[in-house]
Amino acid sequence: MRKMQGVDLFNLKTIGQPIDTKTHFFFLETSISQEENSYKNELISIHKKTRERTLWGIEGTISGQLKLAPNQKWLSFLSKGANNKQQIYIMPISGGRAYAVTKETESISHYQWSSTGMSLYFETEVPENKEKSKFAEAYVTDKLGYQTDGSGLKIKNSQYLIKKIDVASEHTSILLESSHKRRLVYAAADESFFLLADDLSRDEWTYGKTVYYYDVREQEQRSLTSEYSKGSFSFVGVSPDGSKCLLVGNDFRYSFVTQSNLYVYYFATGELVCLTDDFDEEIGDAIISDTQQANRGVDCHWLSDEEILFPVTQKGKIVWFKQNLTMESRTGMACSGSYHFTDSALIDDEHLLVGYSTPSQPSVLAELSLDTGKVTDIYNPNTKWLADVTLSESQEFWFKSVDDWQIQGWYLPPVEADENHPAILYIHGGPQVCYGESFFHEMQVHAANGYGVILLNPRGGEGYGQEFVSSILGDYGNKDYQDLMNGMDYILAEHPEIDMSRIYAAGGSYGGFMTNWIVGHTNRFRAAVTQRSISNWVSFYGTSDVGPFFVEFQLKRDLSDVEDLWKMSPLAYVHHVKTPTLVLHSEEDLRCPLEQGQQFYIGLKKAGVPTKLVMYPESSHGLSRAGLPNLRIHRLMEIAKWFETH
């Protein structure tokens, strides 16, 4: 057995987008190619009875969106075609070559099967038809949301199209053309469809999305959530009898941190009913990880016309609930262990096909009994690798913090026991996410390098109720900071083998903000690493793709409160910093823009603090989870070297 290394990233495999058919389970298996510096998806099937595993050949690399046609004759997915643009590929379920059914000049972003399985609906765009100039041109916008992290500037005057293609004849027709981008989420039985888009009835300062029904014959659309002047909603699916659909969303009661609810919309009456207003839980998956690149994510499912199944993030794990539409019954399902379910597909009303992760299992395909809660493994793509490597076994704990609140955390001890070892407090982003029962490549590498790793879920994160998550509003760097310090005190008392003179801090995004805040308010850490951080709320307001919304809704301030925003900014306290601090930032990060890291770096230099700035090209906010593999490894090595030399 050997200790884990950073390059083990290239040995990890994860499963995602599972599909159930009459005879087989299909899914995508994702690996990372070191030679090609890219992610690779393979289409695999497992025979239900024999468990025989088959790798299916395709043209090109699968991008994702694996789907099964309603008539169960075809599997479909997106892949780059001959023109290097993303096209829809279909493959006979009985076997045969996959081929591109679309030949669009621009990439297809989303698609849906018709209810008969005889045609496909898809969305694409047509850029503005103008000759390319040899001279640089100015970017002009009058929109508030003119940029998006991961996509860049939204300055193209494109026309967004919803099209339909007949599978047999490959005849294509345009159903909708608009200058407003809409995401296709469902094709209805009457050949109309559902769209997810910004609510055009609101002004641009009102945050959120809504679901629209578009009537093809009348060429009209209507919002399913028009009774809500605020809020954000997404589409789940239509009931088996086609009379209603399920939505997930919120009414923005607690702005950004409003927990999600389930809503049912009745087509005949236009009535929208909230099913979970009395349910103090976060619906969906808020658990973070760095090894789940191809997942759709856990979703809600119709068990019948009157009963639904839905996932909840609860104290670091995913719990499944059943609920009747009459709201007379809601029951949670106790599983035989703690899991981070990462993907799901309904087999029947008693079984669910799932992908799951645990702190010691990167990814497993399994069957979940909805009756007993038993999880039965079907396929583990990492069996051989796991037999060769030694992992740290995480230890869950709870401690009392400010206001006598109970705070949850996990401790990963060093792989090799050491009576005098260093430890890292690693702070998650969000903050409306959480650590949980999931595999973390990076944390395991730190444990293999001899560090204890401390993972805490301070107030402001999901999984502990509405009061817990909304307590951070307007109060960053106060009680959440005290939660982290109290958690450190607890761990050091429980683990006297930790060398108190060698404790370190690290974090990204909100965790980067908090790392900056920590080094400006205490000298208890030997060194720190701040990543994709926030240092100045004033400039963040005007440079981040979510700046105006985030600052106003999270901090309860705007640019008329510059003095308060500055007091809440870590940069205001950088002159107090004594802790050697490494600054890591992506050049194309538009969520926490590069200037945030640059400002803190220059502040550290001015304060005479040992520091270094590392900037990553071709990388956005999500570098550590889905960025270029070589840069993910470089980032991890920089962190390890910084702690090793300080």
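Helix 11 gives the largest share of the lining of the second largest pocket, six residues. Keep in mind that this is a predicted model, where local features need pLDDT of at least 70, side-chain atom pairs count only at pLDDT 80 or more, and totals for chains, interfaces and linings use all residues. Residues are numbered from 1 along each chain as its sequence is written, and side-chain values use heavy atoms, with hydrogens and water left out.

**Exercise 1.** Describe the second largest pocket: its space, its lining and the classes of its residues.

*Solution.* 
Step 1: The space comes to about 260 Å³. A pocket is an open set of points on a 1 Å grid over the protein atoms alone, with protein on both sides within 12 Å along at least five of seven lines, and lining residues have an atom within 4 Å of a point.
Step 2: Of the 14 lining residues, Gly6, Val445, Asn449, Met637 and Ala640 lie nearest the centre.
Step 3: Helix 2 and helix 11 (629-645) each supply at least two lining residues; helices here are DSSP runs (H or I, at least four residues), and strands are too (E, at least two), numbered from the N terminus.
Step 4: By class, you get nine nonpolar, three polar and two charged residues. Ala, Val, Leu, Ile, Met, Phe, Trp, Tyr, Cys and Pro count as nonpolar, Asp, Glu, Lys and Arg as charged, and the others, Gly among them, as polar.

**Exercise 2.** How many cavities of 30 Å³ or more does the structure hold, and what lines the largest cavity?

*Solution.* 
Step 1: There are five; in a cavity, a 1.4 Å probe fits but cannot get out.
Step 2: The largest cavity has about 100 Å³ of space.
Step 3: Its lining includes Pro359, Trp410, Tyr435, Phe440 and Gln444. Strand 35 (406-412) and helix 2 (441-448) each supply at least two lining residues.
Step 4: That lining has eight nonpolar, four polar and no charged residues.

**Exercise 3.** At what angle do the axes of helix 4 (residues 479-494) and helix 5 (residues 510-521) cross?

*Solution.* 
Step 1: The axes, lines fitted to C-alpha atoms over the stretch in contact, come within 11 Å and cross at roughly 75 degrees, with angles running from 0 to 180 degrees between N-to-C directions.
Step 2: So helix 4 is roughly perpendicular to helix 5, a label for angles of 65 to 115 degrees.

Key. Parallel < 35°, antiparallel > 145°, perpendicular 65-115°, else oblique. Points joined across faces, edges and corners; volume = space filled by probe spheres on them.
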